[in-house]
Amino acid sequence: ALFDGVTQNDQASRRLKEQAYFNKANTHVKLNELKEALAVYDQVLMLNPYNEQAKHNVNVVQKMLKQKEQEKQQKQ
């Protein structure tokens, strides 16, 4: 809720919003909410397409999703 409050605050700086989105995405990853994390990392990259940490995390999460899907298929 705190991160959402910052991202929706018209007076918050672009940098602060970027950091709030980044932290929110990281929280989604920790909760294993990978698709949600990717959507929020997209918000980070819309604010700053040069955010290398966000780009890295997107790649990591995409690999995690792929691995999760492969494990799901192996169980079937």
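This briefing describes the fold, the helix packing and the nonpolar core of the structure above.

The model is predicted, so local features are reported only at pLDDT of at least 70 and side-chain atom pairs only at pLDDT 80 or more, whereas totals for chains, interfaces and linings use all residues. Residues are numbered from 1 along each chain as its sequence is written, and side-chain values use heavy atoms, with hydrogens and water left out.

**Overall fold**

- The protein has four helices and zero strands, where helices (H or I, at least four residues) and strands (E, at least two) are DSSP runs numbered from the N terminus, and its pattern along the sequence is α-α-α-α.
- The C-alpha trace spans about 50 × 25 × 15 Å along its principal axes, and 29% of the 76 residues count as buried, that is, under 20% relative accessible area with a 1.4 Å probe and protein chains only.

**Packing of α2 on α4**

- Helix α2 (residues 14-30) and helix α4 (residues 52-75) pack at about 20° with their axes 12 Å apart, the axes being lines fitted to C-alpha atoms over the stretch in contact and the angles running from 0 to 180 degrees between N-to-C directions.
- That angle makes α2 roughly parallel to α4, a label given to angles under 35 degrees, while those over 145 count as roughly antiparallel.
- The contact, meaning heavy atoms within 4.5 Å, is made by F22, N26 and V29 of α2 together with Q53, A54, N57, V61 and M64 of α4.
- By class, these residues divide into five nonpolar, three polar and no charged, with Ala, Val, Leu, Ile, Met, Phe, Trp, Tyr, Cys and Pro counted as nonpolar, Asp, Glu, Lys and Arg as charged, and the others, Gly among them, as polar.

**Packing of α3 on α4**

- The axes of α3 and α4 come within 10 Å and cross at roughly 160°, which makes α3 roughly antiparallel to α4.
- In α3, the residues L34, K35, L38, Y41, V44 and L45 meet A54, K55, N57, V58, V61, Q62, M64, L65 and K68 in α4, a contact of 10 nonpolar, two polar and three charged residues.

**Nonpolar core**

- The largest nonpolar core has 13 residues, and those with the most contacts inside it are Y21, F22, Y41, V44, A54 and V61; such a core is a set of buried Ala, Val, Leu, Ile, Met, Phe, Trp, Tyr and Cys residues joined through side-chain atoms within 4.5 Å.
- Helices α2, α3 (34-47) and α4 each supply at least two residues of this core, and the largest share, seven residues, comes from α3.
- Leaving aside neighbours within four places in sequence, V44 is in contact with E18, Y21, F22, N51 and A54.

Conventions. Parallel < 35°, antiparallel > 145°, perpendicular 65-115°, else oblique. Buried < 20%, exposed > 50% of the residue type's maximum accessible area, 1.4 Å probe, protein only.
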